[in-house]
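Please look over the sequence and the model shown here before reading on. The report then takes up a few local features, one at a time.

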Amino acid sequence: MAATATGTNQVVPVGVGGGPRSKNGNGFHKNGGGDGDDMSLRFSPARYRIGVSMAIGSILMLFVALTSSYIVRSASGNDWRPIAMPKVLWLSTALIIISSITIERARRSLKQNNQAAYGTWLINTVALGIGFVASQLVAWRQLVRQGVYMAANPYNSFFYLFTAAHGVHLLGGLCALTYLLVRTRKARGTIDGELRRVGAADAVAIYWHFMDVLWIGLFMLLMFWK
Amino acid sequence: MAEATHEEVHRHPAPTGFIRKYIFSIDHKVIGIQYILLALSAVLVGMVMSVLMRVNLTWPGTHIHILETLFPQGAPGGVMSPEFYLSLVTMHGTIMVFFVLTTAPQGGFGNYFLPIQIGADDMAFPFLNMMSFWVTFVGFLVILLAIFAEGNATVGAWISKLGESFAGGSGTVGPIGGWTGYAPLSALGKIAGPGQGAGVNLWIISIAIFCVGSLLGALNFITTLLNMRTRGMSLMRMPLTCWAWFTTAVLALLSFPVLLGGGILLLLDRIAGTSFFIPGGLYVSGALVPNHAGGSPLLWQHLFWFFGHPEVYIAILPGMGATSHILSTFARKPVFGYRAMVFAIFAIGGLGFFVWGHHMFISGMSPYSAVAFSILTLSIGVPSAIKTFNWLGTLWGAKIRFTTPMLFAIGFVSLFVAGGITGLVLGQTSLDFFFHDTYFVTAHFHLVMGVASIFGMFAATYFWFPKMFGRMMSEGLGKLHFWITFVGVYAIFVPFHAMGLLGMPRRYARFDEYEFLKNSKGLVMFVTVAAIITVVAQVLFYFNFFWSMFKGKIAGDNPWEATTLEWTIPSPPPHDNFAGIVPTVYHGAYEFSVPGAPNDFIMQTDGEGITADISGAHGNGGNGHRH
């Protein structure tokens with residue numbers, strides 16, 4: 001949407017409408033200087049947040065595809081035989097909910113500039129995350145001992161698939177948490193460094209909450225859509 | 001602390017070592033070129049396959065010496081078996097759709113120019129960007145492996161050691177199920193026929209890897225565009241190319257995970273004995289398939305096409321963006337109806353998610369859902385028409401500079417219309433019943449999705465080559481390339497419509513056995529000759545591309561007198577694009593022939609003083625009243 005000019009002296013809407021016109025700065029020109037080096041203006045903490053939201057969007061679509069298949073498949077054959085949920089999954093669920101709380105505490109501590117508490121809550125979250133994975137593995141082992149294998153029944157197939165697919169993404173979250181532990185426990189000397197540190201912690205926390213909610217959703221689906 | 005300092009100014013020093021600079025580079029420009037080179041390699045494989053298919057269709061039983069040497073089982077005596085032909089169809093489609101039409105427009109040109117056009121120094125996540133290319137590259141290697149795992153007995157024996165479902169060496173060049181890989185045949189393993197063992201496994205794995213690479217890319221594109229626009233670069237000042245890449249990234253982000261999910265289910269059916277897609281009581285090659293029951297083959301079709309339809313827009317939207325951009329530049333006029341163009345891109349992308357059922361009209365779906373899918377499909381004609389008329393409006397009354405990129409952009413419009421119009425035919429259930437699986441469909445999607453997208457990429461290559469390599473491509477060779485290709489593709493695909501009307505089925509290895517197709521021999525031969533000429537003419541392009549890289553005329557910063565940010569910086573651009581200075585944008589992307597301005601174009605960075613400003617006179621798009 002550019003200029004519409006009919007008269008000769010009339011003219012000329014600069015700018016393509018909609019956006020705010022920028023007044024600050026004296027501009028960058030191919031022949032001229034700009035207002036110096038202000039590349040540090042470039043980093044905005046929203047970047048990590050947008051990035052992680054996009055990642056969540058695509059992971060969500062993956063699970064939409066898998067859970068839709070679950071619902072379609074549950075109606076397509078007469079071989080659908082749901083299993084009794086291993087009790088240990090309740091433990092998993094409890095662990096991941098608590099870990100959501102601890103990561104939130106970690107994030108708050110960081111915002112309040114309490115570096116020691118930040119580190120502690122992070123470690124707690126990692127421990128709970130590992131506990132969750134262990135608990136899921138125990139559930140698998142119990143099922144295998146009972147002779148519940150993946151190929152025996154479509155419900156089993158989906159059970160293993162959901163837990164595995166969620167587990168893989170959760171392991172990614174654990175890697176991210178470990179990164180936070182290793183690289184972001186200490187305050188950084190620069191404004192930009194701090195923005196990145198807080199941004200990274202924010203992003204990982206959002207992802208971790210998503211893992212929590214995703215698990216609860218899958219668990220509910222497996223339990224109630226039989 | 002050294003690292004913290006770098007972070008503070010957020011500028012990576014230019015890498016010096018060869019590997020960091022050209023191989024594992026995190027510079028979006030290098031990655032873009034890597035994607036383009038990947039597509040240039042993949043398209044060669046795809047083209048050779050299409051020529052082989054044409055030769056077999058026209059002269060069945062031809063002895064092709066090289067095939068005998070490479071694939072003694074699949075082409076004994078150099079004569080390809082029907083299964084070999086089918087695997088060519090599959091691999092041609094898969095390689096072209098994924099590794100050409102998805103990589104070059106988005107990964108290639110998008111990577112290179114999106115950050116520059118919005119005034120950023122790199123992508124938001126450079127490391128992810130590098131990963132996205134290399135993951136895609138591994139996907140390409142795996143699909144190439146599928147060729148030899150099935151086609152070569154030695155490689156086949158080696159890959160068979162991976163497990164029962166990886167049985168290879170069956171004498172094809174990959175799976176025989178087409179690029180859609182319909183279940184249940186694709187889910188059964190080698191009992192389903194040659195190529196259905198290791199070939200399908202590797203095919204699924206390759207596509208799954210490709211999905212991951214594309215997702216990393218899409219995430220990066222969206223974040224970059226939303227977060228890293230420079231001062232003054234409001235959304236509505238962005239070039240339409242950026243809008244197209246953005247919409248494409250959104251489509252990729254939402255559709256590739258669904259294919260990934262489907263691929264995982266399919267692979268599990270094959271290697272873990274599950275029954276997601278395999279129904280009970282299935283007889284294949286005279287034998288009952290044991291140990292499977294209850295699966296839904298249609299579920300695969302839904303998952304596949306939920307991805308598959310957005311995928312065709314992933315292929316063509318960047319071409320639309322490049323075309324809009326290039327038409328405006330060489331018509332020396334603003335894009336007609338910029339805002340409408342933006343909304344049309346979104347409308348096409350959005351509607352694209354709700355029309356997948358039109359690929360499945362003959363699957364036995366309820367006629368009511370078919371009508372719903374049909375109406376939604378036809379409604380895509382509205383934003384498509386908006387775009388077409390706006391392109392024509394941009395050209396209307398313009399003093400057009402007929403450069404090679406402009407010719408290809410006009411060619412894009414022509415092909416988009418010619419191919420799109422049959423979409424209105426195929427989108428209607430009653431007509432699709434007749435045309436489904438005939439050459440009419442092949443004609444439709446090759447013109448609109450295949451060739452049109454490729455023309456968009458040719459236009460983009462000729463247009464941005466000077467910026468990427470600092471030298472112009474040869475105009476003479478470029479125009480010759482254009483005319484042969486333009487006439488050639490019409491000569492290939494227009495007769496396809498006639499063949500479709502005759503009822504000629506897709507994917508058949510030969511037609512000489514059918515009485516009702518006896519009369520079409522001349523047509524088939526004509527298409528083949530046209531195809532061979534067109535393919536050979538691409539040598540002109542490859543030669544021009546690599547020759548101009550070293551010997552082309554030196555290009556200045558702005559050889560086309562264009563307005564957007566990439567033309568404000570040297571060709572090729574320095575490592576961090578804007579040499580550490582943040583550009584400020586004052587203008588929309590298409591301010592050409594503005595009355596009162598000293599030049600017929602206003603750079604986006606030109607200060608406000610360049611023209612008088614009467615506020616409140618925001619127009620409704622260039623309307624052609626420019627004299």
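## Backbone with positive phi

B:S285 is exposed, as 9 other C-beta atoms lie within 10 Å of its own, where exposed stands for 12 or fewer such atoms, buried for 20 or more and partly exposed for counts in between, with C-beta atoms placed from the backbone. This serine sits in the loop between β1 (283-284) and β2 (287-288) of chain B, and although B:S285 is not glycine, its phi is positive, near 50 degrees. Helices (H or I, at least four residues) and strands (E, at least two) are DSSP runs numbered from the N terminus.

A:N113, likewise not a glycine, has a positive phi of about 65 degrees. A:N113 belongs to the loop between α2 (88-111) and α3 (115-145) of chain A, and it is exposed, with 11 other C-beta atoms within 10 Å.

## Basis of the model

The model is predicted, so that local features need pLDDT of at least 70 and side-chain atom pairs count only at pLDDT 80 or more, while totals for chains, interfaces and linings use all residues. Residues are numbered from 1 along each chain as its sequence is written, and chains are lettered from A and ligands numbered from 1 in the order in which they are written.

## Cis peptide bonds

In chain B, the peptide bond joining B:A183 and B:P184 is cis, with omega about 5 degrees, and B:P184 lies in the loop between α8 (153-160) and α9 (185-188). Another cis peptide bond joins B:S571 and B:P572, with omega about -15 degrees; B:P572 is in the segment after α20 (521-551) of chain B.

## A helix pair in chain B

Helix α7 (residues 126-151) and helix α10 (residues 198-227), both of chain B, pack at an angle of about 165 degrees with their axes 8 Å apart. The two helices are therefore roughly antiparallel to each other, a term for angles over 145 degrees. The residues of their contact divide into 17 nonpolar, 9 polar and 1 charged, with Ala, Val, Leu, Ile, Met, Phe, Trp, Tyr, Cys and Pro counted as nonpolar, Asp, Glu, Lys and Arg as charged, and the others, Gly among them, as polar.

## The largest nonpolar core

Of the 240 residues in the largest nonpolar core, B:I222, B:L253, B:A452 and B:A459 touch the most other members; such a core is a set of buried Ala, Val, Leu, Ile, Met, Phe, Trp, Tyr and Cys residues joined through C-beta atoms within 7 Å. Its largest share, 20 residues, comes from helix α11 (residues 240-271) of chain B.

Notes
Axes fitted to C-alpha atoms, helices over the stretch in contact; angles between N-to-C directions. Parallel < 35°, antiparallel > 145°, perpendicular 65-115°, else oblique.
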